[in-house]
Amino acid sequence: MKHNAATAAQPRRTRRILPLSLVVTGMACAVFVVRGPLMMSAPRCMAGQWHGCYDTFNGVVLMTLVALPLAVLVVWALARRRRAAGVTWAWRMSLAEVGMVHGTVPFLWLTMMPGAAPGIAPARVSLVPLRDLVAMGSLGIVGNLLVFASLGFFAPMRFAALASLPRILALGAGCSVLVETAQYVLQLDRVSSVDDVLVNAAGAVLAALASRRWWRTTAEAPADRPHPAPAQAG
């Protein structure tokens with residue numbers, strides 16, 4: 001019986017480790033590809049200089065990668081605390097919560113960076129679908145797909161109410177509308193485009209499809225409540 005229990009525990013342990021391994025591997029590949037440009041921003045970031053670090057793409061990406069070990073540590077601490085409290089899906093919940101924040105905040109920071117003439121250039125809105133896709137280019141489309149990709153990947157793993165593609169689509173579109181509205185209201189010298197909303201929402205859905213096998217179903221017991229141990233007979 002002990003041998004059967006150990007054998008059954010191995011697939012469960014593999015399912016817990018696999019999402020974290022995919023994230024770490026993806027980040028390592030990204031570091032290898034863009035290591036040259038990132039190192040150009042490293043001196044200013046390490047010196048704590050705002051200009052040249054936190055207001056540039058390379059600087060934000062570099063600081064995101066530097067903070068990755070801290071994010072992994074937070075996942076471990078949350079999961080350990082939940083497992084001690086008897087919470088089910090402890091690793092999945094912890095990884096999803098930290099992943100949503102660590103993978104989304106840097107992209108939101110980049111999208112809210114002002115253009116060349118913030119507060120001076122008039123706010124611009126583009127409401128014609130698919131008109132701005134050509135101007136985005138391949139790099140711009142990939143960037144927009146990644147804005148809410150982490151949210152789409154991890155949100156249905158954490159919240160059973162979001163474990164469906166239409167709801168993830170609505171979540172990605174709603175968050176994107178808020179971002180585009182903020183860009184318009186704050187006059188950041190950016191174009192508030194409906195194409196940004198469409199591509200951002202599509203990125204969330206694609207990421208949700210990638211994590212579909214780890215979604216919690218609504219039939220499962222609530223994961224954030226510890227389950228009492230069964231009473232012993234006699």
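These questions and answers go through a predicted model of one chain.

Student: What percentage of the residues in the chain is buried?
Tutor: A residue counts as buried under 20% relative accessible area. The chain has 234 residues, and the buried share is 34%.

Student: Is Phe154 buried or exposed?
Tutor: The cut-off for buried is under 20% relative accessible area. Phe154 has 6% relative accessibility, so Phe154 counts as buried.

Student: Which residues do ring pairs link into a cluster?
Tutor: The whole structure holds 2 aromatic pairs. Phe153 and Phe154 form an edge-to-face pair, with 4.9 Å centre to centre and 75° between the planes. Phe153 and Trp214 form a tilted pair, at 6.3 Å and 55°. The cluster linked by ring pairs is Phe153, Phe154 and Trp214.

Student: How many residues apart are Phe153 and Trp214?
Tutor: Phe153 is in helix H8 (residues 149-158), while Trp214 is in the segment after helix H10 (194-210). Both Phe153 and Trp214 are buried. The pair links distant parts of the chain, and its residues are 61 residues apart.

Student: Is Leu127 buried or exposed?
Tutor: Leu127 lies in the loop between strand E1 (124-126) and helix H7 (133-147). Together with Val125, Tyr184, Val185 and Leu186, Leu127 forms a nonpolar surface patch of about 520 Å² accessible area. Because its relative accessibility is 66%, Leu127 counts as exposed.

How values were computed: Residues are numbered from 1 along each chain as its sequence is written. This is a predicted model: local features need pLDDT of at least 70, side-chain atom pairs count only at pLDDT 80 or more; totals for chains, interfaces and linings use all residues. Side-chain values use heavy atoms; hydrogens and water are left out. Patches are made of residues with over 30% relative accessible area and no salt bridge: like charges are joined within 9 Å, nonpolar side chains (Val, Leu, Ile, Met, Phe, Trp, Tyr) within 5 Å. Accessible areas come from the Shrake-Rupley method with a 1.4 Å probe; for residues, only the protein chains shown count as cover. A salt bridge is a side-chain nitrogen of Lys or Arg within 4 Å of a carboxyl oxygen of Asp or Glu. Helices (H or I, at least four residues) and strands (E, at least two) are DSSP runs, numbered from the N terminus. Buried means under 20% relative accessible area, exposed over 50%, partly exposed in between (1.4 Å probe, protein chains only). Rings of Phe, Tyr and Trp (its six-membered ring) pair if their centres lie within 6.5 Å; planes under 30 degrees apart count as stacked, over 60 as edge-to-face and the rest as tilted.
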